[in-house]
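Me: Hi! Could you walk me through this model, a bit at a time?

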Amino acid sequence: MSNPEAALVIQSREELAELLTEACEIEHNLMCCYLYAAWSLKTAEDGLEGAQLTAVERWRNSIVNVAIDEMAHLVNANNLLVAIGGPPHLRRPNFPIPRGYHPADIVVELHPFDQSTIDHFVFLERPEGVDHPDGAGFSHSVRYRRVFSSQMLLPSAQDYGTVGHMYREVRAGVERLVATLGEEALFVGDPAVQLGPDLVNLEGVVAVVDAASAYQAIDEVVAQGEGHSEESPDSHYRRFRAIQDEYRELQAADPSFVPARDVAKNPVQRFPPAPEGKTWVEEPSAARVLDFGNAIYNQMLRLLAVAYSPVSAGERRAAVDEAVAIMHALPDVSDVLTALPARPEGGECAGISFAMTRQLRVPGAASAMQLLAERTDELARGAELLKDVSPRFEAIASNLVGSADRLRAQAPERPRRRLDVLPEAPAAVQPAAVQPTAAQAAAPAEAAADEPAAEVVEGQALTLSFDSKRCIHARFCVLGAPRVFLANTPGEWIYPDQMPAEELAAIARRCPSGAITYTRKDGGFDEQAPEVNTLHIRENGPYAVVADLHVSGQDPRFRATLCRCGASKHKPYCDGSHNAAGFAASGEPATGDTTSLAARDGRLTVEPLHDGPLSVSGNLEICAGTGRTVARITRAKLCRCGGSANKPFCDGTHRRIGFRSES
């Protein structure tokens with residue numbers, strides 16, 4: 001252990017804002033570095049297997065989760081900055097960060113995963129006062145000191161040795177200014193333009209409105225990062241130490257073990273005038289993919305910047321949700337990129353460079369959603385043009401079109417800009433025309449033929465429809481109307497005229513999954529939206545929802561059972577997989593906030609977040625299996641990975657366990 005580092009001078013709001021701005025850049029830079037290393041790791045497709053594959057998958061998941069924590073730290077640092085009257089700061093210099101921009105001990109470069117890189121991560125996240133050698137190759141050729149004078153009016157960068165030291169000084173600066181200016185005078189920023197836990201599903205995010213919340217935001221960053229001591233088991237420092245130790249053990253057992261692809265250090269998109277330490281990605285396919293990856297990364301930041309601006313609550317929510325949706329394309333883009341050579345002659349593979357434009361060009365409040373949608377449409381067209389490089393870009397393009405539509409829905413009075421009239425890509429990057437084979441041309445029709453169609457049976461008084469894809473075998477139909485629904489009968493098995501229409505309609509409405517629906521032909525009422533939107537938590541099973549339900553842009557429905565075990569092959573809907581998976585989760589969670597809602601009906605929107613929870617918005621009463629009210633909400637994130645310790649609500653476990661979803 002070494003002695004604590006010297007205190008920094010923070011005597012004014014300007015000096016605190018300057019240090020917080022650097023904190024934003026440090027968090028942003030580290031997030032990118034960690035993602036670059038994680039995305040360089042090999043997969044089973046690269047030939048890894050057995051214990052080595054298991055370890056590498058665990059390392060990737062752990063490093064990505066650390067990067068997600070850094071995103072939370074970036075949010076907290078920005079919330080602190082906004083709270084004291086500064087603007088949010090999402091910009092950062094392009095990699096590699098030049099000498100002198102940060103203290104000499106904080107070298108920030110994009111390196112693939114190897115022993116020196118994980119050593120460097122341990123060094124960066126070490127607790128204050130703990131000595132660790134930096135990774136080989138991570139040092140500046142010349143030592144320097146950022147000179148500071150307390151007599152200067154213009155804030156100037158000061159030196160610190162660890163990230164923990166930086167945040168200790170931020171906390172001390174807040175304490176000092178609370179004492180000299182007063183708490184009310186220091187925290188003058190508008191809390192409505194911060195990103196709190198109501199908007200971002202990131203563990204440890206704190207909206208800053210006073211000294212207590214400022215200290216909480218700082219302490220969350222320190223605890224998640226280097227930890228308060230070497231003994232903090234879940235800190236980034238300890239997580240990287242665990243990877244470091246296991247990597248050394250595996251290499252000792254097998255010296256030929258190489259966990260990462262041969263990925264270049266510090267890739268750049270343009271020819272570098274100062275090429276030292278950089279790799280110019282000039283192979284045409286790799287260059288196109290890199291350009292696209294950087295473009296969607298910039299769009300993600302632009303969306304977050306809009307969420308920090310004075311737009312409406314709905315627009316802020318849309319901006320955050322679509323930033324997250326677009327972010328989920330980056331791992332696929334990087335996986336394609338790290339398999340492509342950086343140069344035409346071959347050799348090292350490319351990697352995403354996280355290059356930034358000179359400014360984020362955040363649109364004004366009046367046109368924000370329309371311009372964001374327009375740019376997202378352009379990105380969708382860019383993904384379409386990359387399908388010749390990898391079929392993954394087809395799904396990416398489709399998801400971007402969906403994002404553009406959802407953004408545009410916040411500004412419905414403006415016409416949509418169609419993809420087919422966007423400017424053509426330059427000739428140099430136009431893919432060659434590819435004629436589909438006969439098999440490819442027939443594939444959509446064949447795929448559609450494989451999907452079982454709903455059975456429609458005409459009765460005299462009503463028409464019954466049965467969708468086997470929705471059925472969870474709750475058996476209300478065969479038990480409540482045994483003469484209509486003949487269980488285990490080959491061929492025709494539904495006879496709607498065997499029961500009075502009113503009684504049969506009531507039986508159909510008891511089907512929790514919505515597999516059975518009906519249309520009256522006798523003048524009776526078709527099914528109506530309920531007066532109270534409800535979600536019942538089924539013991540060891542799914543969520544049963546009754547509402548004016550809109551799921552991911554699909555046709556509205558009134559009933560559905562949504563998977564909460566994480567195992568369904570028909571996500572977001574339940575397909576009964578919880579039984580085979582042995583899913584065990586109470587249908588009787590503790591009672592939470594049951595404050596009455598202003599309204600109890602209306603549209604309920606469910607958006608399955610990619611590899612994450614169900615994002616629910618609208619009036620909803622969450623009930624236990626016995627009918628007891630658990631919570632009344634208008635917005636929530638519901639667990640669907642099966643792992644949350646706070647069921648039915650998400651607690652971020654999906655990231656730790658590596659939950660994956662197709663929808």
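**The hairpin and other stops**

Me: Let's start at the hairpin of E10 and E11: which residue there takes a positive phi?
Reply: That's Gly627, with a phi near 100°, in a hairpin that has 5 residues between its strands. Strands here are DSSP runs of E with at least two residues, helices are runs of H or I with at least four, and both are numbered from the N terminus.

Me: Before we go on, what sort of model is this?
Reply: It's a predicted model, where local features need pLDDT of at least 70, side-chain atom pairs count only at pLDDT 80 or more, and totals for chains, interfaces and linings use all residues. Residues are numbered from 1 along each chain as its sequence is written, and side-chain values use heavy atoms, with hydrogens and water left out.

Me: Thanks. How many bridges join E10 to E11?
Reply: There are 8, between E10 (residues 614-623) and its antiparallel partner E11; DSSP has to find at least two bridges for strands to pair. Ser617 faces Arg635 of E11 across that pairing.

Me: Is E11 mostly covered or uncovered?
Reply: Mostly covered: 7 of the 10 residues in E11 (residues 629-638) are buried. Buried means under 20% relative accessible area, exposed is over 50%, and partly exposed lies in between (1.4 Å probe, protein chains only).

Me: New topic: aromatics. How many pairs turn up in the whole structure?
Reply: The search finds 14. Rings of Phe, Tyr and Trp (its six-membered ring) pair when their centres lie within 6.5 Å; planes under 30 degrees apart are stacked, over 60 edge-to-face, and the rest tilted. One of them is Trp59 with Tyr247, edge-to-face at 5.5 Å centre to centre and 65° between the planes. Trp59 belongs to helix H2 (residues 50-83) and Tyr247 to helix H7 (residues 236-253), so this pair links parts of the chain 188 residues apart.

Me: And are those two buried or exposed?
Reply: Trp59 is buried at 1% relative accessible area, and Tyr247 is buried at 4%. Tyr247 also pairs with Phe257: the centres are 6.1 Å apart and the planes at 85°, so that pair is edge-to-face. Phe257 sits in the loop between H7 and strand E1 (267-268), 10 residues from Tyr247, and is buried too, at 2%. Ring pairs link Trp59, Phe113, Tyr247 and Phe257 into a cluster.

Me: Which ring does Arg126 sit over?
Reply: The ring of Phe123, with the charged end 3.9 Å from the ring centre. Sitting over a ring means NZ of Lys or CZ of Arg within 6 Å of the ring centre and within 35 degrees of the ring normal. Arg470 lies over the face of Tyr573 in that way, at 4.0 Å.

Me: What about the sheet with E4: in what order do its strands run?
Reply: E3-E4-E5, an open antiparallel sheet of 3 strands. Strands E3 (455-458) and E5 (516-520) are at the edges with a single partner each, so one side of each has no neighbour in the sheet. E3 and E4 (residues 462-466) share 4 bridges, and Glu455 has Phe466 in E4 as its bridge partner.

Me: Last one: how many helices and strands in the chain?
Reply: The protein chain has 17 helices and 11 strands, and 52% of its 663 residues count as buried. Its C-alpha atoms fill a box of roughly 90 × 65 × 55 Å along the principal axes.
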